[in-house]
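Grab a pencil and work through these exercises with the model open beside you. Try each task before you read its solution.

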Amino acid sequence: MTDTTLTNTVMTDTTLTNTTMTDTILTNTVMTDTTLTNTIMTDTTLTNTIMTDTTLTNTVMTDTTLTNTVMTDTTLTNTVMTDTTLTNTTMTDTILTNTVMTDTTLTNTAMTDTTLTNTTMTDTILTNTTMTDTTLTNTTMTDTTLTNTVMTNVSAS
């Protein structure tokens with residue numbers, strides 16, 4: 001997908017493999033039972049996105065903006081986020097494994113029952129972030145800024 005605009009899109013039981021999104025705008029998108037494998041997102045904007053039971057594997061996000069995003073029962077594996085901005089994001093029952101975040105900004109983010117394993121955060125800014133019942137395993141934060149962050153029942157090992 002290059003220079004593609006999708007508005008009011010519903011994806012259900014959808015599988016995308018070896019997908020490249022460049023200069024793509026997705027607005028009011030609902031993804032349910034969606035599997036994205038080997039996906040590259042560059043200069044991609046997702047606004048008012050709902051992801052439920054969504055699996056993203058081997059995903060690379062560069063210069064990607066996610067606004068008003070709700071992730072429920074979402075699994076991200078082998079994900080690389082660079083220059084990525086997440087605003088007003090809610091993550092519930094979300095699993096992030098082998099995730100690398102560089103120059104990533106999370107604003108007004110709520111994480112509940114979220115598991116981060118083998119996660120590396122570099123030059124990452126978290127503002128107004130709430131982590132509840134969150135598990136961080138083998139997580140490295142370097143040059144990371146946390147502002148107005150609330151952690152409840154958070155375990156780090």
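**Before you start.** Asp 123 sits in the loop between strand E20 (120–122) and strand E21 (125–127); strands are DSSP runs of E with at least two residues, numbered from the N terminus. The model is a predicted one, where local features need pLDDT of at least 70, side-chain atom pairs count only at pLDDT 80 or more, and totals for chains, interfaces and linings use all residues. Residues are numbered from 1 along each chain as its sequence is written, and side-chain values use heavy atoms, with hydrogens and water left out.

**Exercise 1.** Which strands pair with E7, and in which sense?

*Solution.* 
- Step 1: recall the rule. Two strands pair if DSSP finds at least two bridges between them.
- Step 2: take strand E4 (residues 25–32). Seven bridges link E4 to strand E7 (residues 45–52), and the two run parallel. Here Leu 26 stands opposite Leu 46 in E7.
- Step 3: move on to strand E10 (residues 65–72). E7 and E10 pair in the parallel sense, with seven bridges, and Thr 52 has Thr 72 in E10 as its bridge partner.

**Exercise 2.** Which residues have the most contacts inside the largest nonpolar core?

*Solution.* 
- Step 1: define the core. A nonpolar core is a set of buried Ala, Val, Leu, Ile, Met, Phe, Trp, Tyr and Cys residues joined through side-chain atoms within 4.5 Å.
- Step 2: name the residues. The largest core has 27 residues, and Leu 26 and Leu 36 have the most contacts inside it. Strand E1 (5–12), E4, E7 and E10 each supply at least two residues of this core.
- Step 3: look around Leu 26. Leaving out residues up to four places away in sequence, Leu 26 touches several residues, including Leu 6, Met 11 and Leu 46 (contact means heavy atoms within 4.5 Å).
- Step 4: turn to Leu 36, found in strand E5 (residues 35–37). Leu 36 counts as buried because its relative accessibility is 2%. The C-alpha atoms of Leu 36 and Leu 56 are 4.8 Å apart, though 20 residues separate them along the chain.

**Exercise 3.** Which strands stand at the edges of the open sheet of eight strands?

*Solution.* 
- Step 1: read the order. The sheet runs E2-E5-E8-E11-E15-E19-E23-E27, with parallel pairing.
- Step 2: pick out the edges. Strand E2 (15–17) and strand E27 (155–156) each have a single partner strand, so one side of each has no neighbour in the sheet.
- Step 3: zoom in on one pair. Strand E11 (residues 75–77) and strand E15 (residues 95–97) run parallel and are joined by three bridges, with Leu 76 opposite Leu 96 in E15.

Technical notes:
Helix = DSSP H or I, 4+ residues; strand = E, 2+ residues; numbered from the N terminus. Buried < 20%, exposed > 50% of the residue type's maximum accessible area, 1.4 Å probe, protein only.
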